[in-house]
Amino acid sequence: MSKYDIIVLGSGPGGYVTAIRASQLGFKTAVIEKENLGGVCLNWGCIPTKALLKSAQVFEYLKHAGDYGLSVKDYDKDFNAVVSRSRGVADGMSKGVQFLMKKNKIDVIKGYGKLKPGKKVDVDGTEYSADHIIIATGARSRELPSLPQDGKKVIGYREAMSLANQPKKMIVVGSGAIGVEFAYFYNSMGTEVTIVEFLPNVVPVEDEDVSKQLEKSFKKSGINIMTSAEVTKVDTSGKGVKATVKTSKGEEVLEADIILSAVGIKTNIENIGLEDVGIVVDRDKILVNNFYQTNIPGYYAIGDVTPGQALAHVASAEGILCVEKIAGQHVEALDYGNIPGCTYCSPEIASVGLTEKQAKEKGFDIKVGKFPFSASGKASAGGNKEGFVKVIFDAKYGEWLGCHMIGAGVTDMIAEAVLGRKLETTGHEVLKAVHPHPTMSEAVMEAVADAYGEVIHL
């Protein structure tokens, strides 16, 4: 039996990052993976979807070349080539993880791992043991009883990334990050897209102003949106698919070539031996303490299988904290109130902290500032004037409670707010931090200035 200091079950952005940090700290480490290194994120999630979205963005630029004083007379799309490029990007990233495993002398054990008592893992009949076993098995597309996926006419995100043919009509059920990103991609490619959202607003976890702006932008681009709506029945017996949608006005039947179910995720915790070991689970989440220890000594869990936000960067941060704690380092528990969320449709969305509604519900006396990109020189020059930056401060102490952005490139801007909040920056300190001109990031400073009645360019 092979013996390790640390075994990581799963090689997604939680698992492989955890393994690398463990190796850096001197632990003899192994990773168990049943598919490709990098997990869903690198192979079927974060990375390949961004490749698809970039192709959509470039296609949009070609459509609007005249807006930039350019003439492009002959252009078209090759849907299969777009998908192929996306798969190539994913393959390259997965090979990059293979390189990192070798560089850090981490053993990669291919196969299906199942936990056993006594700090052991069975991988297709071969046992391995470790002083510490870290579960990082991630999650998959969740299925609704009224919307069973057949992989052909009713699909999840994996199939949506590699369809052989572009559908003429698509229904997207759910308007979280996955739903709106695919809605943008397929709409840009020329598919007629309808979004069906159960709650009153699209991207319902975001600030209401952001939700309203995205709905306005999507409708302008030709995407049909149905909010406060529910798919109650699906008929796949014909050539395409028919969805019965219940709304406040009654029932409506929508017809399409395909339905994308984007109603959240389900953790991969079945048949991995949790019951055999006695690890406590609440619904579909493994319960852990602040440093990701389960109730059974020597067994840990990070990432989507735990109650925190199901985001790649959260899984990575949790894994690093977990192994640093195992190594005896002094570490602080992760602040889940300061985790940025990013959605990569166009316009992009990025946010951190409390929404305006949440801040009011918590009883804060707040100052709110907002700066539209229509007043930004860089946005005007770039032809991307949709959206805004919105900031929320505690009026009493100046604490930066939340920051919400929608517009071009905002996913690359949100880290300023994350870092500022981590360092307990006040609004006045942001105002005195000189921002370069012309940049999109100036909008952060201007939004803060608006909150304090000092805005210059409005």
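Tutor: The second largest pocket has a volume of about 1,100 Å³. On a 1 Å grid over the protein atoms alone, a pocket is an open set of points with protein on both sides within 12 Å along at least five of seven lines, and a lining residue has an atom within 4 Å of a point. Grid points are joined across faces, edges and corners, and the volume is the space filled by probe spheres set on them; the probe is 1.4 Å. The model is predicted, so local features need pLDDT of at least 70 and side-chain atom pairs count only at pLDDT 80 or more, while totals for chains, interfaces and linings use all residues. Residues are numbered from 1 along each chain as its sequence is written, and side-chain values use heavy atoms, with hydrogens and water left out.

The lining comprises 35 residues, and Gln57, Tyr184, Ser346, Asn384 and Glu386 lie nearest the centre of the pocket. Two or more lining residues come from each of helix H3 (46-63), helix H6 (177-189), helix H7 (208-220) and helix H11 (377-382). Helices here are DSSP runs of H or I with at least four residues, strands are runs of E with at least two, and both are numbered from the N terminus. H3 gives the most, with six residues. By class, the lining has twelve nonpolar, 13 polar and ten charged residues; Ala, Val, Leu, Ile, Met, Phe, Trp, Tyr, Cys and Pro count as nonpolar, Asp, Glu, Lys and Arg as charged, and the others, Gly among them, as polar.

Tyr184, one of the residues nearest the centre, is also among the buried residues of H6. Eleven of the 13 residues in H6 are buried, where buried means under 20% relative accessible area, exposed over 50% and partly exposed in between (1.4 Å probe, protein chains only). At 1.5 Å a residue, H6 should span 18 Å, and its end C-alpha atoms are 18 Å apart, which agrees; the expected span is 1.5 Å times one less than the number of residues. Glycine 190 follows H6 and has a positive phi, near 110 degrees.

Ser346 also lies near the centre, within the group named above. The peptide bond from serine 346 to proline 347 is cis, with omega near 5 degrees. Proline 347 sits in the loop between strand S20 (341-343) and strand S21 (348-353).
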